[in-house]
Amino acid sequence: MPLLKKDIDKQILKQLESDHTFDAGFSLLIQTYQERLYWHIRRMVHLHADTDDILQNTFIKVFKNIKGFRTEAGLYTWMYRIATNETINFLNKKKDTVDLKTLNSATNQESKAAQYFDEDEAQILLKSAIEELPQKQKIIFNLRYYDEMPYKEMSEVLDTSIGALKASFHHAMNKVEQYLRDNYDYANG
Amino acid sequence: MNKKIPKDYFNKFPDRLSSRIEALEENIKESAPLLYKIGKAEPYQVPATYFDQLKAQIEKQTSGPKERKIGLYRWSSIAAIGALLVAAILVFSLQDKESEDGLMANRVIEHIENDLDYVDDELLYELVTLEETEELSEDLDLSEQEIELYFDYILDDMTDEELSDLL
């Protein structure tokens, strides 16, 4: 799997080097990473419309800066880094973090309007538990738990030591579990 | 006694050990049973054709030459600032000539302040001809390049809205 990813990155970067194949290369880049980056962003901002904005900004930033991209750095981690920064900037601009009430309201609105949301109370509860985490811990939890990103790559994305990331994920997992224990009233069901 | 070890064994050993430690540390099934029970399914859905359209949308935004919206603002602003500088020089020279009461200078300043909104772009362009720029540079003892740099410096700090307001 990591080898495959490396090979695709190599192919993308090779195509991006030449003006003749640049468009095809950029198209392959979007195709390869759009879904992964979409979910990485959406887990943080929740709403599809916001995710769409941030994702488009991410790819446009990638497009503008790809010429200066250093090939020794991983394309995948570089793009995650851009997407993470774009998401953090968006959340900081919004100033208030999305609380459970907003989350439920937003997801209900979306589910009613366009059926973008599966009615699953346990999943909503898990999202609420993650939402309680501090911003950086939330990103670490999402990258490790959902994306199953190796710590080495997470370290490049977040510019944090592997040891600190492991400790942070461990704390985050304990907090999430505790929240679920406190609120998951049908735990034995 | 044949003591062969697999090729790259020691090269791969740290990664293998690290993976096992990570797995031990994150034995979610045991350390977070509720989290494990809920699983990783996403509660959100994405509009059916979203990813097909996204690619096309981004390509649309990134293809072709970019419109330089700032271009018109920039030139108009250069003209406006140039006009103000010319006017300022004029005011100073008038102040010298009418130093007794300074009334003329005050009237020119008043005119600039009150009636600048009515000055159209064409007039502004006319005001900043190359000849005047040369005169300006002589009066201020600045080269054309320095004046251009000065304009760039001013304009770089201005937002589109401020430029619009200026015009």
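Trainee: Where in chain A is A:Asp159 found?

Mentor: A:Asp159 is in the loop between H8 and H9 of chain A. Helices here are DSSP runs of H or I with at least four residues, strands are runs of E with at least two, and both are numbered from the N terminus. The model is predicted, so local features need pLDDT of at least 70 and side-chain atom pairs count only at pLDDT 80 or more, while totals for chains, interfaces and linings use all residues. Residues are numbered from 1 along each chain as its sequence is written, and chains are lettered from A and ligands numbered from 1 in the order in which they are written.

Trainee: How do you know whether A:Glu148 is buried or exposed?

Mentor: A:Glu148 has 9 other C-beta atoms within 10 Å, so the residue counts as exposed. A:Glu148 lies in the loop between helix H7 (135–146) and helix H8 (151–158) of chain A, and its phi is also positive, near 50°, in a residue other than glycine.

Trainee: What makes A:Met149 count as buried?

Mentor: A:Met149 is found in the loop between H7 and H8 of chain A. A:Met149 has 23 C-beta neighbours inside 10 Å, and therefore counts as buried. Beyond four places in sequence, its contacts (C-beta atoms, placed from the backbone, within 7 Å) include A:Leu143 and A:Met154.

Trainee: Which residues touch the most other members of the largest nonpolar core?

Mentor: A nonpolar core is a set of buried Ala, Val, Leu, Ile, Met, Phe, Trp, Tyr and Cys residues joined through C-beta atoms within 7 Å. The largest has 46 residues, and those touching the most other members include A:Met154 and A:Leu180. H2(A) gives the most to this core, with 8 residues.

Trainee: What does A:Leu180 touch?

Mentor: Residues up to four places away in sequence aside, A:Leu180 touches A:Leu125, A:Leu126, A:Ala129, B:Leu34 and B:Leu35.

Trainee: How many residues does the contact take from each chain?

Mentor: Chain A gives 34 residues and chain B gives 23 residues. Helices of chain A that each supply at least two residues of its side include H2 (22–45) and H9 (162–183).

Note on methods:
Contact = placed C-beta atoms within 7 Å. Buried ≥ 20, exposed ≤ 12 C-beta atoms within 10 Å, placed from the backbone.
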